[in-house]
Amino acid sequence: MQQDSIYNALPATATDSSAVTVHPHRLTPAEVMGWLPKDATPAQLDSAVQRYIKPSEIHWSQQPDTLRLPGQELYKSIYDPFGDYDYRDTYLPKANFTHAELEADRTGAAGDPVPYTSANDNLITGLLLLFFVFSMIAIRWTKSLFVRHLRSFLYASHGEKTLTETATEFRSQLFLILQTCVLFGLVYFFYAQGDHTAEFVIPTYAVFGIFIGIFIAFFLAELFLFGIVHWTFFDGKKNEQWNSSFIFLVAIEGLLLYPVVLLQTYFGISVKTTCLYALSVAILFKMLTLYKSCQIFFRKKEDFLTIFLYLCALEAIPMALLWNFLRITSQLLKVNY
C-alpha cells in the first residue's frame with residue numbers, strides 16, 4: 001500500500017467563467033487516463049499516469065504473523081543470505097512454491113506408465129554381454145573336450161574309458177550350465193509377460209530371480225535324482241560316463257538358447273516363436289539324454305520295459321512337475337485385475 005497519497009483536482013475546462021469545485025481524493029490510473037480523449041496514444045496515457053501518480057516507499061506490515069501456531073519456531077534456512085527471517089518466511093513456510101532452495105515434489109496426476117521392455121533393461125543387457133564374453137572363453141578352454149564328446153556321443157564301445165576333464169574344463173561347463181538356467185528363466189519370463197501386458201506384484205528383477213532360481217533348483221534336483229537311481233542300479237564307471245555326457249548336453253543347451261534370447265530382446269520377435277524354439281531345444285535335449293542313457297545303461301533288447309519306466313520316472317514326471325510349478329508361480333506373481 002502506498003502511504004503517500006496524491007491529491008489533485010480536475011482543472012476547469014468549462015467555457016464559462018465559473019470554477020468547478022472538486023473535493024480532494026486519491027487519484028487512480030483509471031481516473032487519470034479518463035481525462036484524456038478516447039483517441040489518446042499509449043505514450044500519452046503513460047505520460048499522464050507518470051505525471052499525476054508518483055511511486056512512494058512501501059512499508060511492510062508490522063502486525064504479528066497469524067499463519068503460525070502458538071509456540072511454533074520461525075523457520076530459518078541455511079541458504080538465506082540475510083540470516084534473519086523476512087516476509088518470505090511469514091508466508092507458507094517450507095512451501096515448495098515460495099522457496100526455490102527447497103526441493104519441489106511432483107504435482108498433478110500420474111500418467112500411464114511406460115510398459116516394461118527387456119531391450120531397455122540394463123541388467124538383461126549386462127547379462128547377455130557377460131554370457132557372450134564368457135561363453136567364448138569357455139568354448140576356447142573346453143574345445144578339445146567338446147570334440148571328444150562329439151566323437152564318442154553317437155557310438156561308444158564296451159571298453160571305452162571315461163572322458164577325463166581338467167579343473168578348467170569343469171568350471172567352464174558349470175558356467176555354461178548356469179547360463180542355461182538363466183536363459184530358460186528369461187524365456188519363461190517372456191512367456192509369462194506375454195505381449196508386454198502382464199504386470200507383477202513384485203519388482204521385475206525379483207521375478208527374474210524367482211524363475212531363474214526355479215530352473216537352478218530343478219537342475220540340481222534332477223541331477224540328484226539321477227545320481228540316486230544310477231548309483232543304486234548301475235556301476236560307478238557307467239555313472240561317470242553318463243554324468244559327463246549329461247553335463248555336456250546341458251552346456252550345449254544353453255549355447256543353443258542364446259541366439260533366440262538375443263532376437264527376442266532386441267529384435268522383437270514374437271513370444272510364440274521364442275517359446276517354440278526353446279521347447280524344441282528342450283525336446284531335443286531330452287531325446288539325446290534318453291539316447292545316451294540307453295547307450296550306457298540299457299544295451300540289451302530285453303530292457304524295453306525298464307527304459308519305459310526310466311523315461312516316465314526320471315524324464316516325464318519331473319518335467320510335468322516343473323511346468324505346473326512354473327505356471328502356479330507365475331499366476332501368484334501376476335496382478336489379477
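A nonpolar core is taken here as a set of buried Ala, Val, Leu, Ile, Met, Phe, Trp, Tyr and Cys residues joined through side-chain atoms within 4.5 Å, where buried means under 20% relative accessible area with a 1.4 Å probe and protein chains only, exposed means over 50%, and partly exposed lies in between. The model is predicted, so that local features need pLDDT of at least 70 and side-chain atom pairs count only at pLDDT 80 or more, while totals for chains, interfaces and linings use all residues. Residues are numbered from 1 along each chain as its sequence is written, and side-chain values use heavy atoms, with hydrogens and water left out.

**View 1. The largest nonpolar core of the chain holds 54 residues.** Within this core, L183, L186, F211 and V261 touch the most other members. At least two core residues come from each of α3 (122-141), α4 (143-153), α5 (167-193), α6 (204-233), α7 (236-266), α8 (271-296) and α9 (304-333), and α5 supplies the largest share, 13 residues. Helices (H or I, at least four residues) and strands (E, at least two) are DSSP runs numbered from the N terminus.

**View 2. L183 and its contacts beyond the local sequence are shown.** When neighbours within four places in sequence are left aside, L183 is in contact (heavy atoms within 4.5 Å) with L128, F131, G254, L257, Y258 and V261.

**View 3. T265 sits in helix α7.** The residue T265 is buried, its relative accessible area being 5%. A polar atom of the T265 side chain lies 2.7 Å from the backbone oxygen of V261. Apart from neighbours within four places in sequence, T265 is in contact with S118, A119, I124, L128 and F190.

**View 4. The chain as a whole comprises 9 helices and 2 strands.** Along the sequence these elements follow the pattern β-β-α-α-α-α-α-α-α-α-α. Of the 337 residues in the chain, 31% are buried, and among contacts with a separation of 6 or more, 69% are between residues 24 or more positions apart.

Conventions
Polar contact = N/O pair within 3.5 Å; in protein donor to acceptor, adjacent residues only side chain to side chain.
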